[in-house]
Amino acid sequence: MFQTKLILAVMVAMTLCIMTFADDHKASGKHIVLVKSGEVDDALVNRVKTFAEQNTALTLKVLPAQSLVEGGLDAQGEAIKKLLADDDLGAVAMVWPEDEKITNHGVRTSDDRVAVINVRAMKTEDADDEKFARRVERQVMRGIGMLLGLETCPNPQCATTSYPSLDYL
């Protein structure tokens with residue numbers, strides 16, 4: 001019982017910290033950029049944007065779709081970084097790589113300005129459309145957390161927790 005209360009208290013404290021941090025940025029007019037590359041559905045982008053805005057105090061700005069670049073997810077992140085304005089907190093790139101051999105779930109640029117989500121890797125044979133969309137939502141929230149400087153969290157309900165496989169998303 002004590003452990004449950006402690007976990008709940010930590011979750012509430014983390015949420016308040018994130019909301020306060022995000023509120024400060026929202027008041028300053030700064031936002032997160034959301035951009036897609038490759039065969040990512042516009043409806044999924046809109047769903048993710050709505051989900052992120054409802055679960056943070058941030059505003060997300062959707063940029064026009066960008067072409068895929070050679071060099072994998074890292075190169076895509078560097079290309080997206082060039083689109084950022086000074087008043088952007090960072091960007092989350094939702095990427096569907098042409099190469100199905102790219103299986104890592106995401107990367108971030110060395111300066112932590114762009115989180116790249118491999119949307120293709122979230123779509124598995126056992127995932128229906130709802131499960132797929134929820135995985136992408138969770139990954140985008142992880143990306144936003146990284147952009148805001150959050151560390152990995154041990155709580156399995158937290159978006160920044162480590163996960164051993166897609167089954168846990």
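## Walking through the sheet and its helices

Let's start in strand β5, where N118 is the bridge partner of V95. This is a predicted model, so local features need pLDDT of at least 70 and side-chain atom pairs count only at pLDDT 80 or more, while totals for chains, interfaces and linings use all residues. Residues are numbered from 1 along each chain as its sequence is written, and side-chain values use heavy atoms, with hydrogens and water left out.

That V95–N118 bridge belongs to the parallel pairing of β3 and β5, which has five bridges. Strands here are DSSP runs of E with at least two residues, helices are runs of H or I with at least four, and both are numbered from the N terminus. Two strands count as paired if DSSP finds at least two bridges between them. On to β1: eight bridges join it to β3, again in parallel, and one of the pairs is H31 with D88 in β3. β1 (residues 31-38) also pairs with β2 in the parallel sense, over three bridges, and there L34 stands opposite V62.

Put together, five strands make an open sheet in the order β2-β1-β3-β5-β4, with mixed pairing. β2 (60-62) and β4 (106-108) are at the edges with a single partner strand each, so one side of each has no neighbour in the sheet. From one strand to the next, the twist averages 20°. Helix α5 (residues 129-147) packs on this sheet and touches β1, β2, β3 (88-96), β4 and β5 (114-118), its direction making about 150° with that of β3. Contact means heavy atoms within 4.5 Å; axes are lines fitted to C-alpha atoms, for helices over the stretch in contact, and angles run from 0 to 180 degrees between N-to-C directions.

How covered is β3? Nine of its nine residues are buried, meaning under 20% relative accessible area with a 1.4 Å probe, protein chains only (exposed is over 50%, partly exposed in between).

Now α2. L44, V45, V48 and A52 are buried there.

Finally, the largest nonpolar core has 25 residues, and L44, M94, V119, V136 and I144 touch the most other members. Such a core is a set of buried Ala, Val, Leu, Ile, Met, Phe, Trp, Tyr and Cys residues joined through side-chain atoms within 4.5 Å. The largest share, seven residues, comes from α5.
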